[in-house]
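The sequence and structure come before the description.

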Amino acid sequence: MSTFPISFLGGVDPASGTILDPECDSEGENISGKVFCFPFGKGSTVGSYAMYQLKLGGHAPAAIINDSAEPIIATGAIIADIPMVDGVDVSLLRSGDLVDVDADEEYVELPDVVEKHVVTSIVKSKGKLLLLRRSDKVGSYRGQWAGVSGFIEPHERDDEAARRELAEEIAAEKIRIVRKIDPLRFRDKGTIWCVHPFLVEVKNTKIRIDWEHRSFEWISPDEIGRFRTVPGLQQVISRLIGD
Amino acid sequence: MHLTKQEERTLSGEEGFGRQKAMELVVALGEIYRAKRLIPITSAQISGASFKTIGDAGIKFLEDFSHEAKVSVRASLNPLGLDERRWQSMGVDKKFFDKQARIISAYKSMGVELLYTCTPYLAGNRPRQGQHIAWAESSATVFANSYLGAMTNREGGPSALAAAVIGKTAEYGLHLEENRRPRVRIDIKVIPDGMVPLTGYLVGKLAGKRVPFVNGPSMSEDEHKSFGAAMAAAGAVSMYAFSDSKRRKSTNTSQIEERLSIDARDIQDCADGLKGDDAWDLVAIGCPHCSPSELRTMARALKNRTPRKKSDVWFCTSRMVFARCPKEVAVLRKFGNVLCDTCMVVAPIESSYRRTASDSGKAMVYLPTLGKQKASFRSTKQLLEAISR
């Protein structure tokens, strides 16, 4: 894994497959026979040939996964016959993950990681946002602050799930969905949370919470940093209320 | 991307492994840049010829690939790391020579034309206006697009070779008319004597990735050659449009979003910044390779002078131009080495020299990095005066 761009010329030792680039989080690790994940390539065009040399020496990665393919890496992958898949958010991958890569069908699977679809509604009223503190009775992220969240049931649309959770958790019925954005994904250990975010408006700030939460607060958007939140909540909020 | 039945067959390997690999490469790059289809090319220019730039990894790839592939369109080769005949006089060792020889024979067996120059357009491979080509070598690419009106992206060595093998490239970037329209206008009132390369260098810095419209003094073909080369080395520019009353070429300026200017002061500041000092052990002229008229001008200037011999001197040109100018070569030889097939950028000059003076804006970009040199910019005239009396 590298969260930084990689150059195969100078960044990886052609004789051993060891990562030399000190900027790379996996400096000193060996890529031979492993699936090598990094956002994209950088540096000299000779990097393509360096990938070929790794292959001949038996030190090429088994596959490459990129956020976005660029010509140097794509050229190297083809001439060295290294399977490559791009368009993958490599921030969801962790060093040591088991991955299935199929470059012909262009997919990547993580057999040991489950993806869970949840809705998160950020409730807005009079310029304030509602944060709820999760109770000790819930299955995950106890005591952390969250929006109105819950699993999307099989055969349920995400907006239906959002309305159901809003009714159950804060007894809000007269709500208006102001905004819906594309799902965001967050990795937490063996789970990828696929969060479907909604921004909803309620007229009345008087709400009633159920067993899933122990308390709530109406906050202004810039206060979010003070709260220990579930993974990705800040990003969800900034995407929902940003332009 | 849409592929024809024939292209699909190539991709599936029915025409052999080499053509399959070449097709895979062209298609993969086309998909990255969202090309809709492949288009035929009339010629290719292949970079990655010097052992210094491609190393052992490059040799291995080329030798393996050469067993499988032949080029199907005219394809010429970039400069080597040495002059095939005069390499010993350049201080190149036998080990380097042997590695270089393997690269040459790999390209030769693929049917690549061994022109060994960055100016194929002065050595027989000169595309015409409107022709689609797949050229690597940034200085040749920018000349072909801007001065000759041919259409090419700035290819890498392997992608130009792959395009030459299948005779096609993916249609994106500068192959499409809409991407050739200038986005920034750069006004230049005067270019001081000998400062054309540095002006190109400044345009490259200002334009970044955008196609510039250069509204400035009229330039000769030779001047366009060095102007564009410096521009492409200093920025990601592969094409510029320019005002030229003689050619009456109309430029579509509707996409211009910014207007900038370069004045004599900017050019002087740039020259001061790249001046370095007077202590050099090599004077290198000919990046890009000298044209016949450049050799003629220099020979005329030096004819009645005597060599100073304070430093080594390289005049770099192609073997085609060399052969065409025996009288000029005879004059220049009194003052230094007239080299073919190579130049100060791709030769292993760091093994013999530490400080190099040049009149090339492109060389100012690469001498300090690739060549590990302390570089000094001087105009051609200043260099000729420094090497003679």
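## Conventions

A crossing of two helices is called left-handed if the near helix is turned anticlockwise from the far one by less than a right angle, and right-handed if clockwise. Helices (H or I, at least four residues) and strands (E, at least two) are DSSP runs, numbered from the N terminus.

The model is a predicted one, in which local features need pLDDT of at least 70 and side-chain atom pairs count only at pLDDT 80 or more, while totals for chains, interfaces and linings use all residues. Residues are numbered from 1 along each chain as its sequence is written, and chains are lettered from A and ligands numbered from 1 in the order in which they are written.

## Confidence in chain A

Mean pLDDT (the predictor's confidence in each residue, from 0 to 100) is 92 for chain A, with 100% of its residues at 70 or more.

The domain assignment, whose bounds come from an automatic or database source, divides chain A into domain 1 (8-109) and domain 2 (114-241). The centres of domain 1 of chain A and domain 2 of chain A, taken over C-alpha atoms, are separated by 37 Å.

Helices α2(A) and α3(A) pack with their axes 8 Å apart at an angle of about 30°, where axes are lines fitted to C-alpha atoms, for helices over the stretch in contact, and angles run from 0 to 180 degrees between N-to-C directions. The two helices α2(A) and α3(A) are therefore roughly parallel to each other, given that angles under 35 degrees count as roughly parallel, over 145 as roughly antiparallel, 65 to 115 as roughly perpendicular and the rest as oblique. Their crossing is right-handed, and the contact (C-beta atoms, placed from the backbone, within 7 Å) joins G47(A), S48(A), M51(A) and Y52(A) of α2(A) to I72(A), T75(A), G76(A), A77(A) and I79(A) of α3(A). By class, the contact of α2(A) with α3(A) has five nonpolar, four polar and no charged residues, with Ala, Val, Leu, Ile, Met, Phe, Trp, Tyr, Cys and Pro counted as nonpolar, Asp, Glu, Lys and Arg as charged, and the others, Gly among them, as polar.

## Contact between chains A and B

Chain A brings 16 residues to the contact and chain B brings 18 residues. On the side of chain A that touches chain B, the elements giving two or more residues are α2 (47-56) and α3 of chain A, and α2(A) gives the most, with six residues. That side of chain A divides into 11 nonpolar, four polar and one charged residue.

Across the contact, helix α3 (residues 71-79) of chain A packs on helix α2 (residues 17-32) of chain B at an angle of about 155°, their axes being 10 Å apart, which makes α3(A) roughly antiparallel to α2(B). The crossing of α3(A) past α2(B) is right-handed. Here P71(A), A74(A), T75(A), I78(A) and I79(A) of α3(A) meet K21(B), E24(B), L25(B), A28(B), L29(B) and I32(B) of α2(B), and the residues of this contact comprise eight nonpolar, one polar and two charged.

## Domains of chain B

Chain B is assigned domain 1 (5-173), domain 2 (181-272) and domain 3 (275-386). The C-alpha centres of domain 2 of chain B and domain 3 of chain B lie 24 Å apart.

Technical notes
Two residues are in contact if their C-beta atoms, placed from the backbone, lie within 7 Å.
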